[in-house]
Amino acid sequence: MHSCECILAGMKGDDVEMVLRLREVVDADSRSDQAISLAAGCGRNYLRQVFIERKTPSYTKLLKILEQLGATATIYVLTGMQLRDLDLEFLEVIQRVPDKSKLHALELLRGLQDPKE
């Protein structure tokens, strides 16, 4: 696990949370920070600059890094929502459904929710 102090210093609000989530998904990946940075075409020390040198990631380079980490990691880093592959498959299918049917499906899903949540 890496020190949060290095990541947090010099960043603000949402940037801090996003970078902490990025650190989480990078740590969960089997590749090193350098390997991910290189695969993304960002230079071997890019993630080091983000995590250790407190560089705020640029939008373009962040997207390249996230592309290497996959869709579930991307959604988690950007939104904080932890989705599984099944959730992503559902999103892919539902985007092709007409809006009227989406409303019916939403009603159905709301009815299936656990009332304790």
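Modeller: The lining of the largest pocket consists of D87, F90, L91, I94, K102, A105, L106 and L109. Keep in mind that this is a predicted model. The pocket's volume is about 180 Å³. By type, the lining has 6 nonpolar residues, 2 charged ones and no polar ones. Two helices, α7 and α8, each give at least two residues to this lining.

Take α8 next. This helix covers residues 99-112. Is α8 buried or hardly covered? Hardly covered: of its 14 residues, the number that count as buried is 0.

Now the α7 side. This helix runs over 85-94. L83 sits in the loop between α6 and α7. Setting aside residues up to four places away in sequence, L83 touches T72, I75, L88 and L91. One of these partners, L91, also lines the largest pocket. L83 and T72 are 11 residues apart along the chain, yet 5.9 Å separates their C-alpha atoms.

The general rule first: in soluble globular proteins, nonpolar side chains tend to be buried together. Here the largest nonpolar core holds 19 residues, and L22, V25, V26, L47, F51, I65 and L69 touch the most other members. Four helices, α2 (13-28), α4 (46-51), α5 (59-69) and α6 (71-79), each supply at least two residues of this core. The largest share, 5 residues, is that of α2.

Two residues show the packing in detail. V25 touches L69, A73, Y76 and V77, leaving out residues up to four places away in sequence. L62 is a residue of helix α5. L62 counts as buried because its relative accessibility is 6%, under the 20% cut-off. Beyond its neighbours within four places in sequence, L62 is in contact with M18, L22, P57 and L78. Of these, L22 is among the core residues that touch the most other members. L62 and Y46 lie 16 residues apart in sequence, and their C-alpha atoms are 9.9 Å apart.

R54 is in the loop between α4 and α5. Most residues other than glycine have a negative phi. R54 has a positive phi, near 65°, and is not a glycine. R54 counts as partly exposed because its relative accessibility is 41%, which falls between the 20% and 50% limits.

Last, the whole chain. The protein has 8 helices and 0 strands. Its pattern along the sequence reads α-α-α-α-α-α-α-α. Of the 117 residues, 26% are buried. Among contacts with a separation of 6 or more, 49% join residues 24 or more positions apart.

Back to your pocket, then. Its lining draws at least two residues from each of α7 and α8, and α8 has 0 buried residues.

Conventions:
Residues are numbered from 1 along each chain as its sequence is written. This is a predicted model: local features need pLDDT of at least 70, side-chain atom pairs count only at pLDDT 80 or more; totals for chains, interfaces and linings use all residues. Side-chain values use heavy atoms; hydrogens and water are left out. A nonpolar core is a set of buried Ala, Val, Leu, Ile, Met, Phe, Trp, Tyr and Cys residues joined through side-chain atoms within 4.5 Å. Buried means under 20% relative accessible area, exposed over 50%, partly exposed in between (1.4 Å probe, protein chains only). Contact means heavy atoms within 4.5 Å. The expected span of a helix is 1.5 Å times one less than its number of residues. On a 1 Å grid over the protein atoms alone, a cavity is a set of points where a 1.4 Å probe fits but cannot get out, and a pocket is an open set with protein on both sides within 12 Å along at least five of seven lines; lining residues have an atom within 4 Å of a point. Grid points are joined across faces, edges and corners, and a volume is the space filled by probe spheres set on the points. Ala, Val, Leu, Ile, Met, Phe, Trp, Tyr, Cys and Pro count as nonpolar, Asp, Glu, Lys and Arg as charged, and the others, Gly among them, as polar.
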